[in-house]
Amino acid sequence: MKEQLATFRSQLEEFARKHRNDIRKNPAFRSQFHEMCAKVGVDPLASNKGLWAELLGIGDFYYELGVQIVEICLATRPHNGGLINLQELCNLLRQKRKHDREAVSEDDCLRAISKLKVMGSGFEVITAGKKKLVRSVPTELKKDHNEILELAQAQGFVAVDEVERRLSWTLGRAIDALDTLLDEGLAMIDDGHEDGKRRYWFPCVSSISSVGADS
Amino acid sequence: MQKLGDFKLPQFFNYPPYFTLQPVRETREKQVQLWKELILEYCRTQKIFVIGLEEEFPLFSNPEIERSLSHEAREAFVSALVSDGRAEWLDKGHRKCLILWHRIQDWAEIIINFVKENGLEDSVMTVEEIRSGIESRGTELHGLDRIILMRALKLLEHKGKLAIFKGTTADDEGVKFSI
């Protein structure tokens, strides 16, 4: 078994050498390559000095992505409270790297973030409904908050009565959760709608978070 | 991107909660900052010198998202500009405000440069000439609000760079430069 794995690893190296360019230029190919590596217990990102990094230079690639992700998260934090939609993050990342010919996928973002996580930077990916959100401030989001974020994805905002009704919560529970999200800077109130009902907007689930990104 | 004439509006202008004063301090600070920048930039590009809080002003409402700023919000944003030295109330009731996208001392500097460029170092001009004469055409001084111009001139007078004297009628005060 050990021997078999060793053979497989050397074949993987051979493969990596041969397809070096594809791995670097093609995000889908890169993602598949990562999967193959995981299967044989090789982490090409584990060290920047190892054979893999030398072979592919992908350690540098993810390191650079990581730095850019941190920059974007910091720049958009005043607006979104430190929680950003992965898709949005990826778009901003592509804008930032538009001079670079290498394409970046969401999978690449996630890998770069997991590398950041190792450094103890407090970056984390959470799932709310269908969306993945990247958190760059160490707020502890409880299940209730997560459910509200999920609900807000439909329109970008929720109203108190909607939270009560859709999640079958008491008024108190809904208000508590919404107040916490406000305090954390993850929500903003909107009293301007003609129906007179206060709306709670969540910049992290709308694409508006590019506000301030270039300032 | 939404536009007002040739002015490109920032994205936050289309996000409804920015039209409601935010209760949480940090969120509000960011909100106030964005509005301050927008008001100054808009006034600078459109050459607007005075804003009336109770009057129609294109930035105070966004029909596209059906939101407009409450009086309280307008006053909060403009007051923040006042504390930055970028605006001054014209009345005690805080209804009209002078917007200083250049501070008074910057306007004074612009006047000095204008005088030097035109070789007017020891000439006499009327206040009206400075803001609408041939020499100022194409410069930032052209069309400058009279109140701001007078404030800048008084600052320069205080520094001994010029003397203001009364003309025959109230609206043709003269200026004798001595730069």
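A:R135 and A:E124 pair up in a salt bridge, with their closest N and O atoms 2.9 Å apart. A:R135 sits in strand 3 (residues 131-135) of chain A and A:E124 in strand 2 (residues 124-128) of chain A, so this pair ties together parts that are 11 residues apart in sequence. Keep in mind that this is a predicted model. Over all chains, the structure holds 20 salt bridges, and a few of them come up again below.

**The hairpin in chain A**

- Strand 2 of chain A and strand 3 of chain A run antiparallel, and five bridges join them.
- The two strands make a hairpin with two residues between them.
- Have a look at A:G129 in the turn, where phi is positive at about 65 degrees.
- Along the pairing, A:V125 stands opposite A:V134, which belongs to strand 3 of chain A.

**Where chain A meets chain B**

- On the chain A side 19 residues are in contact, and they touch 16 residues of chain B.
- Interface size is often quoted as the accessible area lost when the parts come together.
- For chain A and chain B that comes to about 1,600 Å² buried between them, with 63% of it on carbon and sulfur atoms.
- Side chains of opposite charge can pair when their charged atoms come close.
- Between chain A and chain B the count is one salt bridge: the side chains of A:D190 and B:R67 meet at 2.8 Å, N to O.
- Polar contacts between chain A and chain B come to four residue pairs, both residues being at pLDDT 80 or more.
- On the side of chain A that touches chain B, the elements giving two or more residues are helix 5 (58-80), helix 10 (171-183), strand 5 (188-190) and strand 6 (199-201) of chain A.
- Strand 5 of chain A gives the most to that side, with three residues.
- By residue type, the side of chain A that touches chain B splits into nine nonpolar, six polar and four charged.

**The two domains of chain B**

- Chain B is divided into domain 1 (3-99) and domain 2 (104-177).
- Taken over C-alpha atoms, the centres of domain 1 and domain 2 of chain B are 30 Å apart.
- Their contact draws seven residues from domain 1 of chain B and eight residues from domain 2 of chain B.
- Between them, domain 1 and domain 2 of chain B bury about 610 Å², of which 62% is on carbon and sulfur atoms.
- One salt bridge turns up across this domain interface.
- The side chains of B:R151 and B:E88 also meet in a salt bridge, at 2.4 Å from N to O.
- Polar contact between domain 1 and domain 2 of chain B amounts to one residue pair, with both residues at pLDDT 80 or more.
- The side of domain 1 of chain B that touches domain 2 of chain B has five nonpolar residues, no polar ones and two charged.

**Strand pairing in chain B**

- Strand 10 (residues 174-177) of chain B runs antiparallel to strand 8 (residues 124-126) of chain B, and three bridges join the two.
- Strand 10 of chain B also runs antiparallel to strand 9 (residues 162-165) of chain B, this time with four bridges.
- B:K176 is a handy landmark here: this residue of strand 10 of chain B has B:V124 opposite it, and B:A163 stands opposite B:K176 as well.

Technical notes. Residues numbered from 1 in each chain as written. Chains lettered and ligands numbered in written order. Predicted model: local features only at pLDDT ≥ 70, side-chain atom pairs only at ≥ 80, totals over all residues. Heavy atoms only, no water. Pairing = 2+ DSSP bridges. Contact = heavy atoms within 4.5 Å. Buried area = accessible area lost by both parts, 1.4 Å probe. Salt bridge = Lys/Arg side-chain N within 4 Å of Asp/Glu carboxyl O. Polar contact = N/O pair within 3.5 Å; in protein donor to acceptor, adjacent residues only side chain to side chain. Nonpolar A, V, L, I, M, F, W, Y, C, P; charged D, E, K, R; others polar. Domains from an automatic or database assignment.
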